[in-house]
Amino acid sequence: MNEPADQDQSDRRVAVLTHRHRQEAIAAAARFVAGLTARGITSLIPADDLEFMPDRLAGLSVEPLDLRLADTDCELAVVFGGDGSILRGAEWALPRDVPLLGVNLGHVGFLAEAESHELDQVVTAVVDRGYTVEERMTVEVVVRDRPRLDGGAEIWRSFAVNEVSLEKAARERMLEVLVAIDDRPLHRWGCDGVLVATPTGSTAYAFSAGGPVIWPEVDALLVVPLSAHALFARPMVLGPTSNITVQPLVSFDNHGVVWCDGRRSVDITGGMEVEVAAGEHRLLLARLSMAPFTDRLVRKFDLRVEGWRGAAEARPR
């Protein structure tokens, strides 16, 4: 990764986001920055991350990245870590429409595109722009002090790449909620909570809760009741234009928490309303491989495919 730049690329900027509490992530990020520097590309690194790696970046082409600015001169963001680090990167990249490329240093790393031992290939792909950009659906959540149809006022708003979940705040109590689809009541549940997931999130929390896997090119919303005490408590796949509202009933001592990707949260009480719909921005994921999603499932979950006549080709890189 130390070959000299063969052309002037000094106007190119790539953001580098790191799981700064993992030494292997810091080491991999520093090697990546060195590879970009050798080819004349500047790396943008958040100030908080720079504090954890000053010695490793000495003499390299690095500029501080101000995460507060609405716009940035940046063509790509490369994230070193697991899915949690990529979701952190999405908080910055999503509203700026910057593609994310994840280098996995976690466990399953479903959002990641490459593994840490493939760092040389990642540098080459970034330098040569040898990647494609895949769009993923996101969701937007609005919390109101009472239902929208009753004139409720917005008190909190956020987005999610994987899922929005409404969960009970106290372990010993259930939530009593009324779920409506497109302003039509669907069902009232006593449950641990309700989550609304994207196709990307169908392999995350929703998968653990018994929901189906949805291929990422499908635009859909997935509703999954969590430990609901009811005969009708199956996961439901809705169209991408559907609007889902969840109301903790005011007649019960309902206290819950709304979580977005397990990272951003707000407390709610009975009588309030949580509304979820497709988000305005789409997550942009940089892909180095054109491997189909089926092969990704096989590789990430280590699924058994022996017996298939093309088994030798079933496990991509």
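Where is the place of Asp302? Asp302 belongs to the segment after H6, and the points below, which concern a predicted model, return to this residue at the end.

1. Domain layout. The domain assignment divides the protein chain into domain 1 (13-136 + 283-301) and domain 2 (139-278). Between the C-alpha centres of domain 1 and domain 2 the distance is 31 Å.

2. Extent of the interface. Contact between the domains involves 15 residues of domain 1 and 13 residues of domain 2. About 1200 Å² is buried between domain 1 and domain 2, and carbon and sulfur atoms give 72% of this area. On the side of domain 1, Leu87, Glu91 and Phe293 supply 43% of the area buried against domain 2, more than any other three residues.

3. Polar terms at the interface. Two salt bridges are counted between domain 1 and domain 2. Three residue pairs are in polar contact between domain 1 and domain 2, with both residues of a pair at pLDDT 80 or more. Helix H3 (83-93), strand E7 (132-136) and helix H6 (293-301) each supply at least two residues of the side of domain 1 that touches domain 2. With five residues, H3 gives the most to that side.

4. Salt bridges. The count for the model comes to 28 salt bridges. Another salt bridge joins the side chains of Arg264 and Glu91, at 2.6 Å from N to O. Side chains of opposite charge can pair when their charged atoms come close.

5. Sheet containing E8 and E19. Six strands form an open sheet in the order E9-E8-E19-E16-E11-E12, and their pairing is antiparallel. Strand E9 (154-160) and strand E12 (184-191) are at the edges with a single partner strand each, so one side of each is left without a neighbour in the sheet. From one strand to the next, the twist averages 20°. Seven bridges pair strand E11 (residues 175-181) with E12 in the antiparallel sense. Ile181 has Arg184, in E12, as its bridge partner.

6. Sheet containing E10 and E13. A further open sheet of six strands, with antiparallel pairing, has the order E15-E14-E13-E10-E17-E18. Its edge strands are strand E15 (236-238) and strand E18 (264-269), each of which pairs on one side only. The twist in this sheet averages 20° from one strand to the next. Strand E10 (residues 163-168) and strand E13 (residues 193-197) run antiparallel and are joined by five bridges. Opposite Glu167 stands Gly193 in E13.

7. Which phi does Ser227 have, positive or negative? Ser227 has a positive phi of about 50°, although it is not a glycine. Ser227 is found in the loop between strand E14 (221-226) and E15. Asp302, in the segment after H6, is likewise not a glycine and has a positive phi of about 50°.

Technical notes
Residues numbered from 1 in each chain as written. Predicted model: local features only at pLDDT ≥ 70, side-chain atom pairs only at ≥ 80, totals over all residues. Heavy atoms only, no water. Pairing = 2+ DSSP bridges. Helix = DSSP H or I, 4+ residues; strand = E, 2+ residues; numbered from the N terminus. Axes fitted to C-alpha atoms, helices over the stretch in contact; angles between N-to-C directions. Domains from an automatic or database assignment. Contact = heavy atoms within 4.5 Å. Buried area = accessible area lost by both parts, 1.4 Å probe. Salt bridge = Lys/Arg side-chain N within 4 Å of Asp/Glu carboxyl O. Polar contact = N/O pair within 3.5 Å; in protein donor to acceptor, adjacent residues only side chain to side chain.
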